[in-house]
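Biologist: Could you take me through this model and tell me what stands behind the words you use for it?

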Amino acid sequence: MSLSPEQVFRIAQLARIEITTAEMDVMRGHLNGILSMIDEMQAVDTRGVEPMAHAQELTQRLRADEVFEMNRRDDFQEIAPEVENGLYLVPKVIE
Amino acid sequence: MINASLSELSRALSAGHISSVELTQEFLRRIARLNPTLNAFITVDEEKSLAQARAADAALSAGTAGPLTGIPVAQKDLFCAKGWLTTCGSKILSNFVSPYDAAVVERLNEAGMVCLGKTNMDEFAMGSSNETSFYGPVRNPWDTGRVAGGSSGGSAAAVAARLAPVATGTDTGGSIRQPAAFSGLCGLKPSYGIVSRWGMVAFASSLDQAGPMARSARDCALLLNAMAGFDPRDSTSIERAPEDYCRELDAPAADPAKPLAGLRIGLPREFFDDTAPCDPQTSAAVAASIEELRRLGAQTIELSLPNVRHGISAYYVIAPAEASSNLSRFDGVRYGWRAPDYSNLEDMYCKTRAQGFGAEVKRRVLIGAYVLSHGYYDAFYLQAQRIRRLIAADFAAAFTQCDLLLGPTSPDIAFALGEKTDDPVQMYLTDIYTIAVNLAGLPGISIPCGFAQAGEKSLPIGLQLIGNYFSEARLLNAAHRYQQATDWHTRIPEGIE
Amino acid sequence: MKATDWEVVIGIETHAQLATCSKIFSGAATAFGSEPNSQACAIDLALPGVLPVLNREAVACAIRFGLSVGAQIAQKSIFARKNYFYPDLPKGYQISQFEHPVVSGGGIVIPLENGEEKQIRLTRAHLEEDAGKSLHEDFHGKSGIDLNRAGTPLLEIVTEPDMRSAREAVAYARALHALVRWIGICDGNMQEGSFRCDANVSVRPRGQREFGTRREIKNLNSFRFMQQAIEYEVRWQIETLEDGGTIRQATVLFDPDTGQTRAMRSKEDAHDYRYFPDPDLLPLSIGEDWIANIRAEMPELPAQLAQRFQNEYGLSSYDANTLTANRETAQYFLDAVSAAGAALAKPCANWIMGEIAARLNREEREIAESPVRPQQLAGLLTRIDDGSISNNIGKKVFDALWNKEGESADAIIAAQGLKQLTDTGAIEAMIDEVLAANARSVEEFRAGKEKAFNALVGQVMKASKGQANPGQVNDLLRKKLQG
């Protein structure tokens with residue numbers, strides 16, 4: 001199991017992390033090292049074993065349908081990179 | 001006062017021998033003096049701390065104080081604290097002043113504790129040496145050429161160097177226990193669901209758990225009393241009656257010479273064989289601690305946890321998968337750092353995240369995206385989750401034969417700065433004994449059990465005890481009885497006076 | 001060469017905003033039209049460290065829907081993260097359901113043009129959170145993000161590819177729209193985006209088993225646009241194929257101004273959503289007792305009610321379906337019939353679908369706001385039925401009720417002296433007067449001109465100010481003229 005540079009670019013695109021060509025070799029080396037460490041797991045016989053997503057076997061608690069959050073826009077937008085008229089601004093979204 | 005236990009501090013504050021303001025100032029002075037060397041804190045805000053200390057003093061004189069009122073605490077920078085810079089050790093949150101408090105912060109504030117500052121950590125808790133922090137590595141107070149461990153390295157160094165009497169940490173794969181071991185402290189990772197994750201910035205949600213880091217088991221128990229409790233804001237928080245984690249510590253033993261009589265300690269073969277070769281001085285110290293526990297009345301049983309050897313693999317699938325998703329919110333839109341130059345929206349995302357995250361975070365985000373991606377999900381993610389269940393089942397079987405499990409916390413003592421930074425896999429292997437505990441969601445504690453000679457320096461060795469779900473009180477009691485019979489936990493690093 | 005006979009295949013995905021007060025995973029309000037970002041709390045903004053907790057009412061809505069379409073309600077369902085980057089998606093993932101949705105199967109019956117019915121099978125319905133909105137008005141060439149809508153609960157309802165024309169697709173969407181409003185889980189306001197449909201459209205030569213490549217038309221927010229968009233898309237696909245082209249899977253938008261569909265640019269790259277179970281949310285468990293409680297509180301469903309209207313009141317299928325188009329109309333009808341008696345069900349239906357519907361339509365009001373209440377309508381129809389007033393006077397009384405000139409039909413009839421005149425003596429006296437004054441018409445009638453008779457009836461009715469019983473006037477007049 002070894003990732004090609006194209007695969008690394010594709011994953012990086014999915015994760016929205018720019019990787020320059022200069023960084024590629026080191027990154028790919030590290031990722032492939034980690035993947036080969038993980039690879040031993042494939043030999044484990046897990047037939048019939050239910051995947052375990054949570055540490056505790058519990059079910060979801062439900063909340064009453066009540067509004068308890070107040071408008072804190074000013075607090076929240078004080079720490080925003082760019083806002084105008086109460087909106088968060090980003091480079092133009094093209095649909 | 002800097003070496004006093006929490007109980008001693010509490011008595012001194014109640015008796016008026018010292019005020020919270022004086023105590024806080026003393027620790028702030030030590031931080032000012034020693035932090036430039038150790039780099040244990042990312043943020044210190046004297047005015048905020050002193051304001052809390054003044055409020056604590058008012059409560060103390062009004063007679064409304066609790067057992068922790070007025071006692072300073074260092075908060076890991078993973079906990080959101082209202083009005084405090086909360087960076088998680090990352091550039092991407094380098095300007096994030098939290099508009100709200102984490103549950104742990106709220107609870108400690110309500111207990112009247114004084115926040116001394118926010119401690120350094122591996123970026124988003126991803127690391128085992130505190131070298132992935134954007135704010136630079138933490139140095140080990142026992143040897144400043146060595147790492148303090150990670151990811152709660154700042155908290156560990158702060159407590160070890162007496163910059164704080166006690167600190168909070170978080171543990172996803174060993175991030176409380178391993179730095180506790182490297183720094184000569186007592187660190188407890190509670191059962192998953194005991195301490196609320198609300199406001200604790202997520203690394204791997206199904207594994208993350210906050211816990212106390214202190215110089216003794218008793219101090220850990222006292223801090224855990226304040227940290228733990230049901231929180232309806234965290235869907236994974238467990239509804240249980242409140243517990244006093246100190247309750248077993250003071251119970252008189254039938255035979256005072258054998259306070260651990262009746263306790264069955266399991267010794268998993270895999271923690272001692274060549275699955276993970278252990279540093280010889282560590283092996284010797286752990287063997288000696290087993291003897292000590294036997295002297296205290298404990299029985300030992302050899303057993304096996306056959307699937308624990310796959311813990312590292314399963315963990316490095318599950319944790320990065322959850323992390324890759326948890327860290328998607330850091331996109332430079334609503335808060336945090338945004339790249340200065342970009343050509344369009346996509347470019348803004350890619351540059352903000354490329355420049356805002358460090359190398360280790362990027363590696364894990366990419367591994368996580370890969371193992372979840374189309375065509376790989378079953379082979380990686382589901383397989384890892386199945387192994388996770390096998391590991392949990394191993395522990396469940398073990399706990400039918402024994403009350404606690406014992407082994408080294410880490411195969412190594414604190415290593416030199418830079419020693420493992422070029423080889424992520426070598427770094428990951430330092431958590432080989434701690435990781436399985438998080439996968440199963442069990443409580444684990446690391447306590448000092450000896451020292452290793454490394455050249456001129458003497459470095460702490462950690463012993464890990466693992467309990468069944470919700471057995472924190474029993475774990476803390478075993479650690480406490482051991483600490484009453486030994487003095488490893490009372491040693492003080494040289495040069496921090 | 002014979003032209004290919006194309007078959008159209010359509011599946012619909014609908015996002016229905018659930019009518020909860022608070023969001024699906026946070027305690028922020030869901031009200032529409034508030035100041036931008038004033039209803040986006042820490043959880044909706046995805047601040048670091050926040051966690052979701054599930055709203056019970058959102059789950060109850062899903063259960064209600066499942067019961068209303070005869071679906072399976074999962075005992076255990078799982079929330080999953082759907083990972084993708086978009087500025088209106090604050091966490092970088094949407095909490096949705098993937099492998100184990102809360103509702104599976106079931107179906108919705110739609111009327112066909114030929115008067116028959118067809119069952120559209122549902123694949124599933126799952127709970128998820130809505131995204132915010134990107135506003136593309138000019139902010140110096142940037143987009144503005146409003147996250148008030150982020151976290152609003154949605155039920156995504158997915159059909160099998162069972163529809164074979166734009167008309168069927170619209171019939172399904174209308175039936176679903178009526179149903180979700182009927183069971184009170186969605187306000188159905190399409191302008192505000194409470195009910196949005198995506199249509200997956202493909203074509204294949206009739207008889208071919210495999211489906212053609214589909215294109216997904218996103219965000220259809222009116223039935224008219226749905227019809228236009230699908231019709232355009234079908235024509236485009238057929239023309240493309242007949243010109244020797246191929247269809248590539250794509251997501252397209254409908255432009256109401258041009259009446260055309262166009263592929264979206266931003267969704268072009270291959271998606272890999274990396275679904276996995278959300279570690280912040282535990283499995284959702286729905287017990288039998290909860291389902292039983294909700295079942296017990298469910299209103300009678302439109303299809304059942306329409307059937308009952310036909311059986312009990314002898315209404316036509318068309319009338320029964322019209323009256324059950326929404327719950328308010330059905331309730332109005334039931335209230336009117338309960339006051340007027342089952343014997344008057346048919347006139348009740350006629351008046352509701354006729355006079356009342358026309359006026360509401362003219363005044364752009366909902367039936368719940370009708371100035372004439374069901375009990376008032378019943379009073380009016382009772383007086384028409386017992387002969388106290390004629391149908392024509394009835395319309396006058398209805399006018400007066402509509403304009404609030406009186407509390408009841410009886411009060412208006414009394415106040416305005418509209419009671420029908422049935423006293424033979426009085427009518428005969430009026431006839432005598434009319435005959436005396438219209439000698440010429442009498443002569444014409446006697447000469448065989450039947451038209452002259454009608455003119456004389458008109459004169460008598462006029463003399464009685466419309467209150468004389470027209471049948472009586474007819475009989476008495478003819479007797480007199482022939483006598």
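Biologist: How do you know what share of chain C is buried?
Modeller: A residue counts as buried if 20 or more other C-beta atoms, placed from the backbone, lie within 10 Å of its own. By that test 44% of the 483 residues of chain C are buried. This is a predicted model, where local features need pLDDT of at least 70 and side-chain atom pairs pLDDT 80 or more, while totals for chains, interfaces and linings use all residues. Residues are numbered from 1 along each chain as written, with chains lettered from A and ligands numbered from 1 in written order.

Biologist: What makes chain C more spread out than a compact globule?
Modeller: Chain C has 15 helices and 18 strands, which are DSSP runs (helices H or I, at least four residues; strands E, at least two). The globule rule is 2.2 Å times the number of residues to the power 0.38, and the radius of gyration is taken over C-alpha atoms. For 483 residues the rule gives 23 Å, but the radius of gyration of chain C is 30 Å, well over that, so chain C is more spread out. Its C-alpha atoms fill a box of roughly 95 × 65 × 50 Å along the principal axes.

Biologist: How do you know whether the span of helix α2 of chain C agrees with its 17 residues?
Modeller: The expected span is 1.5 Å times one less than the number of residues. For α2 (residues 166-182) of chain C that should be 24 Å, and the end C-alpha atoms are 24 Å apart, so the two agree.

Key. Buried ≥ 20, exposed ≤ 12 C-beta atoms within 10 Å, placed from the backbone.
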